[in-house]
Amino acid sequence: MFTAGTQFAFPRLAEVVHEVAVQQPEWSLVFQAGPGAALEAFAEHSTVQAAELFPADRFQEFFNAADLVVTHAGMGNIIACLEAGKPCMLLPRQARLGEHRNDHQVDTARAITQRYPVPVFDEVEPLVTAVVAPEQWPDGLEDAPAKMAAARTEFSQGLNQLLQAL
């Protein structure tokens, strides 16, 4: 599954989906491409289900069934992957390429890699190479759901202490 987020199209991620579809034509791919995406480019790939935005329940079905999630570095997708222990790869949007207003996704991706074994890619070709080689897909996220739950509890307790002190 590939997801570009819900704000804008992400042509570099669309390029990744296209290249993976060419190299692995027997794979079923799902691509939530974002508003304004050029979906006609995927008409030639019968195994690619692409939409600007899938309904939330359909998106969740695709997410649950996905063996791998390749995503922009949006926090919603990252947290969903970590909470589910789902292998994921990140292609952060870059401001210098006009993909976002600033480089907060680059910063987010770097911060995530310091805590979890989530590969981050800056370019299309190395990401395509990694996606088409399942033996290279990341693992080690089995304990991520427990870590996320513990961090959420710790944060909530700290927030409660702060509120009581005010």
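**Where does Thr3 lie?** Thr3 sits in strand β1, which covers residues 2–3. (Strands are DSSP runs of type E with at least two residues, helices are H or I runs of at least four, and both are numbered from the N terminus.) Before going further, note that this is a predicted model, where local features need pLDDT of at least 70, side-chain atom pairs count only at pLDDT 80 or more, and totals for chains, interfaces and linings use all residues. Residues are numbered from 1 along each chain as its sequence is written, and side-chain values use heavy atoms, with hydrogens and water left out.

View 1. Is Thr3 buried or exposed? Thr3 is buried, with a relative accessible area of 1%. (Buried means under 20% relative accessible area, exposed means over 50%, and partly exposed is in between, using a 1.4 Å probe and protein chains only.) Skipping residues up to four places away in sequence, Thr3 touches Leu13, Gln32, Phe59, Val69, Val70, Thr71, His72 and Asn77. (A contact is a pair of heavy atoms within 4.5 Å.)

**View 2. Gln7 in its loop.** Look for Gln7 in the loop between β1 and α1 (11–23). Leaving out neighbours within four places in sequence, Gln7 is in contact with Pro35, His100 and Arg101. Gln7 and Leu53 are 46 residues apart along the chain, and their C-alpha atoms are separated by 9.8 Å.

**View 3. Helix α3 meets helix α6.** The axes of α3 (residues 75–84) and α6 (residues 144–165) come within 6 Å and cross at roughly 115°. (Axes are lines fitted to C-alpha atoms, for helices over the stretch in contact, and angles run from 0 to 180 degrees between N-to-C directions.) The two helices, α3 and α6, are therefore roughly perpendicular to each other. (Angles of 65 to 115 degrees count as roughly perpendicular, under 35 as roughly parallel, over 145 as roughly antiparallel, and the rest as oblique.) On the α3 side, the contact is made by Ile79, Leu82, Glu83 and Ala84, and on the α6 side by Ala144, Pro145, Met148 and Arg152. Sorted by class, this contact of α3 with α6 has six nonpolar, no polar and two charged residues. (Ala, Val, Leu, Ile, Met, Phe, Trp, Tyr, Cys and Pro count as nonpolar, Asp, Glu, Lys and Arg as charged, and the others, Gly among them, as polar.)

**View 4. Zooming back out.** The protein has six helices and five strands. From the N terminus on, they run β-α-β-β-α-β-α-β-α-α-α. Of the 166 residues of the protein, 42% count as buried.
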